[in-house]
Amino acid sequence: MIRKKYNISVEATLEVIGGKWKCVILCHLTHGKKRTSDLKRIMPAITQKMLTQQLRELEDDGIVNRIVYNQVPPKVEYELSDYGRSLEPILNALCNWGDQHIIKEYGDKSSVLEDNGLNDFNTDNKELMKP
């Protein structure tokens with residue numbers, strides 16, 4: 001095994017959850033198990049190939065569990081692992097910062113955030129990701 005060298009610990013974090021989609025996937029999984037089709041529906045801009053790739057990488061890193069049900073038709077769900085749940089404070093902080101940034105830049109969250117049940121348009125500084 002080749003040992004990596006990092007300049008700062010955040011590099012290790014970003015290696016696991018960095019990129020355009022991983023944090024978004026993880027935020028959705030904080031609300032419970034999701035099938036691939038559920039994630040695709042709530043993230044319409046992601047391609048199926050990218051979603052599958054990101055889920056595999058998160059699974060390989062021990063962040064998500066892939067649950068396969070032995071039934072016909074086959075059913076697969078994804079959930080945060082216990083290790084993945086340890087990211088919730090980080091995800092909440094990122095979501096809260098994004099909320100404040102949107103208010104600073106646009107003034108009205110509802111004009112730029114999807115009305116998908118995950119966003120609370122009546123708060124300014126509350127954690128948005130809590131179920």
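Biologist: What do the buried residues of α6 pack against?
Modeller: They pack against α2, β3 and α5 (82-85). This is a predicted model, where local features need pLDDT of at least 70, side-chain atom pairs count only at pLDDT 80 or more, and totals for chains, interfaces and linings use all residues. Residues are numbered from 1 along each chain as its sequence is written, and side-chain values use heavy atoms, with hydrogens and water left out.

Biologist: Which residues in α6 are buried?
Modeller: E88, L91, N92, N96, D99 and I102. Buried means under 20% relative accessible area, exposed over 50%, and partly exposed lies in between (1.4 Å probe, protein chains only).

Biologist: Why are they on the same side of α6?
Modeller: Because they cover an arc of only 135° around the axis. The arc is taken from the directions from the helix axis to the C-beta atoms.

Biologist: And which exposed residues sit on the face turned away?
Modeller: P89, W97 and K104.

Biologist: How far does α6 reach?
Modeller: Helix α6 spans residues 88-106, 19 residues, and reaches 26 Å from first C-alpha to last. That is close to the 27 Å expected at 1.5 Å a residue. The expected span is 1.5 Å times one less than the number of residues. After α6 comes G107, with a positive phi near 80°.

Biologist: OK, zoom out. How many helices and strands are there in the chain?
Modeller: Six helices and three strands. Both are DSSP runs numbered from the N terminus: helices are H or I with at least four residues, strands are E with at least two. From the N terminus, the order is α-α-β-α-α-β-β-α-α.

Biologist: What share of the chain counts as buried?
Modeller: 29% of the 131 residues. The accessible surface comes to about 9000 Å², and carbon and sulfur atoms own 52% of that. The area is from the Shrake-Rupley method with a 1.4 Å probe; for residues, only the protein chains shown count as cover.

Biologist: Now the sheet. In what order do the strands run?
Modeller: β1-β3-β2, an open sheet with antiparallel pairing. Strands pair if DSSP finds at least two bridges between them. β1 (34-35) and β2 stand at the edges with a single partner strand each, so one side of each has no neighbour in the sheet.

Biologist: How many bridges link β2 and β3?
Modeller: Six, in the antiparallel sense. N65 stands opposite E79 in β3.

Biologist: What about the largest nonpolar core: which residues touch the most other members?
Modeller: I25, L26 and V64, out of 19 residues. A nonpolar core is a set of buried Ala, Val, Leu, Ile, Met, Phe, Trp, Tyr and Cys residues joined through side-chain atoms within 4.5 Å.

Biologist: Which element gives the most to this core?
Modeller: α2, with four residues. α2, α4 and β3 each supply at least two.

Biologist: What is V64 in contact with?
Modeller: Leaving aside neighbours within four places in sequence, its contacts include L26, L29, L55, L58 and Y78. Contact means heavy atoms within 4.5 Å.

Biologist: L55 and L58 are α4 residues. Which others in α4 are buried?
Modeller: L51 and Q54. The face turned away carries the exposed K49, R56 and D60.

Biologist: What covers that buried side?
Modeller: The cover for the buried residues of α4 includes α1 (10-17), α2 (22-29), α3 (36-42), β2 (64-69) and β3 (75-80).
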